[in-house]
Amino acid sequence: MNGPHQESVELFLQEASENLQYLREYSGMLQEPQTRPEDLEKLYIAAHTLAGTSASYGFPQFSEVAAKMAHIFHYAMNATLTADMHGPLTEFISDAISVLEFDLLQISSGGTETEGDILAFKQRYSFAFPAPPASRAAREAAEQVAAEEPVADAPAAYSYVDHLPQDSEVPAEVLEFFVPEAEEHLQAVTECLLALEANPNAEDINRLFRSMHTVKGSAAQVGLHRLSAVAHRVEDLIGRLRDGELKPSANIVDICLESVDVLKKFLHRQWTSDEEMRAAVDPLLAQIAELAPEETEESAPGPYAPASSSDAATTETGIAAPEKRRAAPEALPQAKSVRISLERLDRMMNAVGELVINRTRMVGRLAELAKLVEVLNFSKSRLSGKVSEFQEKHEFSKVQPLLVPGSRAPQMDTFRPNFPGMPSVTSNDLLEFSELEMDRYDDVNILSRSLTEISADVNVVLTQLEGFMGRVDSDIDEFTKLAHHLQDEITAARMVPIGNLYTRLSRTVRDAANATGKLVELSLEGADTELDNNIIQHVSDPLIHLVRNAVAHGVEDRRTRQRNGKSEKGLVSVRAYHRGNHIFIEVEDDGRGIDYDGARRRVVEMGAMSSVAAAELTERELREFLFRPGFTTAAAMTELAGRGVGLDVVRANVHALNGEIEVRSEPGHGATFTVKVPLTLIISQALFVRCGTSVFALPLAVVEEIRRLKPDEIEDVGGKLLTRVRDVVTEVVRLDVQLALPPLEPLNGYFHMVIVKVAGKQVGVVVEEVLGKDEIVIKNLGDYLRSVKLFPGTTIAPDGSLILLIDLNRLASADTAERNALPASSPAARVFAPGAEAVAAGTIPAGAVDSIENDRVVVVADDSISVRKFVGRMLEKAGYRVKLASDGLEASELVAQVGCHLVITDLEMPRMNGYELMAHLRQNPVTRKIPVLVVTSRAGAKHRDRAMKEGAAGFLTKPVQEDQLVATVDELMGAEKPDTRRKVTVPVRQD
């Protein structure tokens, strides 16, 4: 058995160091009289984790000591420790932590354990190690052999599942760190398998073996024994590949990939029933047993023996331990990292968003202060002007010599108090000087000088205030830089390479190529391009659908490619690259390209428009039809194509990320789908515009330019407003008209128009004023306004008011959405039915007119948009009118608003599940009689009985067949008597 990979060991060292530090700090709680059980459980989890991970990485002696500590804490959780136990146990734990810390340092530096120190520790505390590991291992092996003896006499119908061990109760805290680690190793297994199929090599086989071995050992340690047992058998199969007993083949790769799917279902506990698990696991283990028979030596432990103790881990890894020590002579540096949950990163990013909002508010306050300073400057200039005018007029005016003896001297300032000690000066004293020899001042002169001084003081204060504003502005700039840096750092922490998604794409292309019988090569570029983890989770399904479409629709079969002079093997390329604040992902194939003629025929077949109108459609307009619900160019329905559920969902998911999707195609040479998504969803750039008294935000990423437009440059063509922008016909959307705001008037003969590029076309949005751009933090509108799709969110203005963010994709498509062709079953179509003119003229008697009910309305509630669309399309084909709801709460609102004849619901939905929806409908006398059909993946009797108890009229299990669904709906509709529905009449032809 090969030694552990260096990067994996670094992760183990970091995690073990953290757990030992936690145990050292809090293990003293063991002797406190009022210790809470949850605190002991945390100590147990830390020690148990140490035991499990160390055994998985091949350090059995470390695992054995840690397991003894875990046993102490586990014992304390379920029993009371007496006073005489506290001293020895506390000393044992303290010494154990010290020994393990030294052992960890030795592992980090030399890759080997300190066997002498651990042996001395075990001898000192012999009461904790009563029996040597070898004897216990022998007893366990003997017990396992004894347990397997009856299996030899088992009947022919052998079930591997019956011999799988039962899982233990695994705490949620343990699963929280185990599940991500197992997913990482299973992804590595998938990557190695796909690489082996293309280019078998020993390095990939060894890496494959190590990853599966780690999954097996870790699962056994945490208590997922069934997962561990299946992984053990897969490890046996991979071991034969490593030893050269088997050669890599497509069959072995298929078995291993199927094993990964089974292990993931065990990991996430996704089995809906025991029958489903048996149907998947038994054939898989049977195939593995044919290629890698189970070992029957008495000395070997059973393949399904749960590694529930440290001794089992020692037995399992003891043989390979010397090899591991020899294979790692170099020093392994201790990793300096810590795990942080995505929820905490989200909270940190939200805090950064609040910083951005506060910065915007500070900028607004500074702008208000600047306006006040501007007003004060204007007032100061007026004051200075008046003071200068007053000064010129009165400061040097002559003093009239009308002073009489004994009068007050003119030099006395009447604005100041008299000083009693000042000697009196008479006019005779002043008459000795001429007017040129001494200035004379009266009260007006002194007032003039005082006003001049006041004006100078105001100037000084204003200068200081302007300097203060400049410093505050600089501080805000520094604050902005700091907030941006913090945002970048947290965003970088959330970033993961898109190469993690490429493994799923490789598996999808492989499966699709096998299903269609085509030879397809996948080229992946830009695997190191980093993207927000949240966006990767949302964009994965659209990308998987695009690459599946490229294989099913784009790449031709071998014969067709040969006739066209192409190689037999088709090429699907996926490229990811960074540009600005966006990530671009391209999915390209070298196949047949988009069949525009076939798309035109399909448009006519759907009844969307006439053949004459369809013939005039441009290639760009035909590409837009690809994203219409129900539109497909496939000739037949298969598992991969022809259902009409796909690109409309892809575009909806991309638009939900404030992204775009574009299509380029050249007939005979292939097609390219380009997905553009932002780096992050929380903070983005926006352009602020004003329309009347309302201010709105537009995503700056789609804004091309801002220009002025004369009213006479807008033309109304067929109900659409059009104009020319540099000889390009551009559709015009008036924001005041779309949002029912007061009509805009041109300013100085011009409108302001913002040119945006959405849905692959150029659109001009007419607004009253463009205010500027800034960073915004997008806030959700909440559940009550979730149906207002035009506004995906809002941001907070500096004055505290809300500014709505406009979804330009919906705004640009609002005009065309209202003009889509109505289906033939629409109530409006009845007005134009045969005989309708006679009814309008009153020439058909009343007896010749049959009374019929309104369209039969079905509300479909499911949290999966694909299921909603798929089931809705089945029912529309059968003549029903369908209303779609994303959960039970939205379904109850639809039923209350428009009414319905039947409700089809899933059981597991956010906010209001299927059970709660049925209970809500039964409480209302108006909706009590509406039948409810449950369509769910939960096939167990427990869920069925609960649904019937809540009042379900029918119960179907996914995946549901169209014939079965329509027949059940027809049966329920026949049983339902909608006596409250409004009646309408339609004519009946008289022969």
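## Confidence

pLDDT is the predictor's confidence in each residue, on a scale from 0 to 100. This is a predicted model, in which local features need pLDDT of at least 70 and side-chain atom pairs count only at pLDDT 80 or more, while totals for chains, interfaces and linings use all residues. Residues are numbered from 1 along each chain as its sequence is written, and side-chain values use heavy atoms, leaving out hydrogens and water.

The mean pLDDT of the protein is 75, and 77% of the residues score at least 70. Helices (H or I, at least four residues) and strands (E, at least two) are DSSP runs, numbered from the N terminus.

## An open sheet

An open sheet of 6 strands runs in the order E10-E14-E15-E13-E12-E11, with mixed pairing; two strands pair if DSSP finds at least two bridges between them. Strands E10 (703-709) and E11 (715-717) stand at the edges with a single partner strand each, so one side of each has no neighbour in the sheet.

E10 pairs with strand E14 (residues 751-758) in the antiparallel sense over 6 bridges. Glu705 stands opposite Ile755 in E14.

## Helix H18

Helix H18 (residues 533-554) has 22 residues.

Definitions and conventions: The expected span of a helix is 1.5 Å times one less than its number of residues.
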